[in-house]
Amino acid sequence: MPKLTMLTAYDFNTARALAEAGIDYILVGDSLAMVGLGYTDTKQVSLGEMLIATRAVRRGAPEAKVITDLPLKAASKKINVALKAAEQIIIAGANIVKVENAEKNTLRIINKMREERIEVMGHIGYTPQTFDKPILVKDREKLIEDARKLEEAGVMGIVLEMVPSEIAQEITEMLSIPTIGIGAGSATSGQVLVSDDMLGRYNCINPKFLRRYANQYGEMVSAFKEYIEDVKSGSFPNETESYNNGQMVASQPAYGA
Ligand code: KIV
């Protein structure tokens with residue numbers, strides 16, 4: 001079986017590029033909080049912000065399999081409120097809702113979602129909404145038990161975040177649903193990264209598991225500096241970048257055109 005691929009997107013253009021590149025799953029992760037919105041942790045993102053991102057991603061990738069995180073602000077509410085939030089996520093354009101951890105309340109929410117035929121992805125290991133401590137080999141039994149509980153509850157797959165490779169392999173071999181690893185070694189059924197991390201656009205953290213495929217933050221700064229210089233020196237705009245009388249034509253649409 002070829003490995004599954006998943007990357008995050010929170011906006012129209014990233015979603016378009018991921019779809020064109022042939023990604024298997026687009027994740028509208030609650031990493032949006034830090035990476036896209038500048039909050040200090042993922043707990044602060046609201047349902048409304050996740051819905052805006054999900055709609056933008058769906059517009060950019062109409063055919064893609066889109067997974068959206070249930071933000072803590074919704075997941076920690078009463079079960080019917082959490083269910084309503086999940087339904088809003090699906091209406092916004094997601095195919096699947098991802099929830100973190102396998103605690104009692106989370107399993108209850110998953111059961112409710114499954115009753116309503118909402119597809120669910122699990123997420124265990126390092127789960128920044130509720131357990132942001134390193135995962136150790138001594139956590140093996142709980143991880144295995146949690147993975148079993150999630151599979152029994154009917155999730156379609158499980159993200160394993162920063163789980164020691166040997167435990168991730170054991171869980172992957174034990175389950176009949178796919179595992180998607182992030183910092184969990186190469187034995188999982190697939191891999192996920194935060195796009196802004198791998199593109200070098202968000203360079204505020206540098207986890208061991210990250211491979212950078214570009215330096216977009218550096219490229220942005222260079223391009224912005226060049227633009228500032230060009231405007232200040234008067235070299236932008238030049239003749240060909242300006243309209244003469246009557247030249248504004250429909251073949252060159254601008255915003256709102
Ligand atoms: O929010 C997110 O981007 C995630 C990934 C790190 C798996 O949950």
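Predicted model: local features only at pLDDT ≥ 70, side-chain atom pairs only at ≥ 80, totals over all residues.
**Overall architecture**

The chain has 257 residues, of which 43% are buried. Its secondary structure consists of 10 helices and eight strands. Among contacts in the chain with a separation of 6 or more, 55% are between residues 24 or more positions apart.

The domain assignment divides the chain into domain 1 (4-211) and domain 2 (215-242). The centres of domain 1 and domain 2, taken over C-alpha atoms, are separated by 38 Å. At the boundary, four residues of domain 1 contact four residues of domain 2. The size of an interface is often expressed as the accessible area lost when the parts come together. Here domain 1 and domain 2 bury about 400 Å² between them, and 46% of that area is on carbon and sulfur atoms.

The table lists each pairing with its number of bridges.

| Strand pair | Sense | Bridges |
|---|---|---|
| β4 (residues 96-98) and β5 | parallel | three bridges |
| β5 and β6 | parallel | five bridges |
| β6 (residues 157-161) and β7 | parallel | four bridges |
| β7 and β8 (residues 190-193) | parallel | two bridges |

Individual residues show how these strands are placed against one another. Val97 is opposite Val120 in β5, and Gly122 is opposite Ile158 in β6. Further along, Val159 faces Ile180 in β7, while Ile180 in turn stands opposite Gly190 in β8.

A right-handed β-α-β unit is formed by β4, α6 and β5. Another right-handed unit of this kind comprises β5, α7 and β6. The elements β6, helix α8 (residues 165-174) and β7 also make a right-handed β-α-β unit.

Strand β5 is largely enclosed by the rest of the structure, because six of its seven residues are buried. In strand β7 (residues 179-182), Thr179 and Gly181 point one way and Ile180 and Ile182 the other, and all are buried.

**Ser195, a buried residue in α9**

Ser195 belongs to helix α9 (residues 195-198). With a relative accessible area of 2%, Ser195 counts as buried because this value falls under the 20% limit. A polar atom of the Ser195 side chain lies 2.5 Å from the backbone oxygen of Thr8. Leaving aside residues up to four places away in sequence, Ser195 touches Leu7, Thr8, Thr14 and Leu18.

**Glu141, an exposed residue in α7**

Glu141 is located in helix α7 (residues 140-153). Its relative accessible area is 63%, so Glu141 is exposed, the limit being over 50%. Glu141 and Ile167 are 26 residues apart in sequence, and their C-alpha atoms are 9.3 Å apart in space.

**Backbone geometry**

Most residues other than glycine have a negative phi, and most peptide bonds are trans.

Arg117 has a positive phi, near 65°, and is not a glycine. Arg117 sits in the loop between α6 (104-115) and β5 (119-125). With a relative accessible area of 75%, Arg117 is exposed.

Met162 likewise is not a glycine, and its phi is positive at about 50°. The position of Met162 is in the loop between β6 and α8. Met162 is classed as partly exposed because its relative accessibility is 30%, which lies between the 20% and 50% limits.

The peptide bond joining Phe236 and Pro237 is cis, with omega about -5°. Pro237 is found in the segment that follows α10 (216-233).

Terms used
Residues numbered from 1 in each chain as written. Heavy atoms only, no water. Buried < 20%, exposed > 50% of the residue type's maximum accessible area, 1.4 Å probe, protein only. Polar contact = N/O pair within 3.5 Å; in protein donor to acceptor, adjacent residues only side chain to side chain. Contact = heavy atoms within 4.5 Å. Pairing = 2+ DSSP bridges. Right-handed = clockwise from strand over helix to strand, strands pointing away. Domains from an automatic or database assignment. Buried area = accessible area lost by both parts, 1.4 Å probe.
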